[in-house]
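Dear colleague,

I am handing over the structure we spoke about, and my notes on a helix contact and a sheet follow below it. Please read them with the model open beside you.

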Amino acid sequence: MKTVEELLSDLVAIPSVSSMDNRPVIDYVTACLDPAVWDVTFDSYTDSAGISKTNLIAFTRNATARHAELAFVCHSDTVPFEETWEEAVHPAIRDGLLYGRGSCDVKGFLSCALSAVDGLKLETLREPLALIITADEEVGCVGAKRLAAQKAFTCNQMIIGEPTGLHGVRAGKGYALATITVRGKEAHSAFPAHGHSAIFDAARIALALERVATELEKDRDPAFHPPYTTLNVGTIHGGTAKNIVPGECRLVVEWRPIPGQLPEYAAELITRELKDYDAELEVHRMDPAFAPSRTQRLIDMLSIMTRKVPATIAFGSEAAHLRPLAREVVVFGPGAMTTAHRTGEHVPLSEVHACVGYLKAVISGCLFARPAV
């Protein structure tokens, strides 16, 4: 088996932007798994653009009824990258950091998981282990949602890889995305009374959305920063020319609900603000928050090992969708999300090495009759 640095470098060198077929990553992972230990199956589908995608579901051969004591879950896709960034798929190591697209989000964790399960002796496992690799996390957790709908596997404890700085994460905000289409009436700009400006109405709606954001701040969860549901107007597009009263304007809106607050609540508040306008809210994505699990054996184990307090995340993950398949779900991994999704993405190799050790310790604590040597 290769070193964890070699595994990570190989994975980063495989382009796996969400718009691409992820099978090369799946094939690489499959080749790393000893067929004498692992039973590997695939869940394939075609995305909305007609591109083939694949989820990988691997169980150690002592599993029955597609159930594991412990599951490692990791997505295979990345966000796009600038063509001018040569290191995106030609990883480089400098000053203890490995650079490349996906190095942090989330091939760093994937390389750690592959390194941690290397050399497993099936005959010594008290309980089964699962390795789940998903497609299309970055564009709506599509692969994870498929597996959840199919109840493709179950487990008692699940670690989902994301860059958390090696903090065990017990809860996370949800994610919702919507478009508001504002309709007006086109006219020559010299005669504005003959038309109705969609942009003027959109500006008023934007101010109304600021009031919605303030209303959402009333429900609070001190475990998060910021401790409330956030709302953002990301883009506004409207009009056709400088001398035409605009007949249409679109606002793209997102919000991130805290646990305990349904993502539909913000949509209801927005819809209420639109009632005096010729405007429509179209929701594209409505992912719930990731609430803490009822049990905390896994989060306590990670907290003791890492000496880091349990944390929460404000970004979306697959946890909310896969939580019904497990008794306890924790999000965990090397790197910081603040370095992901940008040119110069990187992960500290010190955290990668530490993560391998922690995952091995979790395997030992959960799956072996006695601690592994």
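Two strands are taken to pair if DSSP finds at least two bridges between them. With that criterion, this predicted model contains an open sheet of three strands in the order β4-β5-β17, and the pairing is antiparallel. The edges are formed by β4 (92-94) and β17 (346-348), each of which pairs on one side only, and from one strand to the next the twist averages 25°.

Strand β5 (residues 97-99) runs antiparallel to β17 and is joined to it by three bridges; in one of the bridges between them, L97 has P348 in β17 as its partner. Helix α9 (residues 349-367) packs on this sheet, where it touches β4, β5 and β17, and its direction makes about 60° with that of β17.

The other finding concerns two helices, α1 (residues 4-12) and α3 (residues 107-117), whose axes come within 9 Å and cross at roughly 135°. Since angles over 145 degrees would count as roughly antiparallel and 65 to 115 as roughly perpendicular, α1 and α3 are therefore oblique to each other, and α1 passes α3 in a right-handed crossing.

On the α1 side the contact is made by V4, L7, L8, L11 and V12, which meet K107, G108, L110, S111, C112, L114 and S115 in α3.

Terms used:
Residues numbered from 1 in each chain as written. Predicted model: local features only at pLDDT ≥ 70, side-chain atom pairs only at ≥ 80, totals over all residues. Heavy atoms only, no water. Axes fitted to C-alpha atoms, helices over the stretch in contact; angles between N-to-C directions. Helix = DSSP H or I, 4+ residues; strand = E, 2+ residues; numbered from the N terminus. Parallel < 35°, antiparallel > 145°, perpendicular 65-115°, else oblique. Left-handed = near helix turned anticlockwise from the far one by under 90°. Contact = heavy atoms within 4.5 Å.
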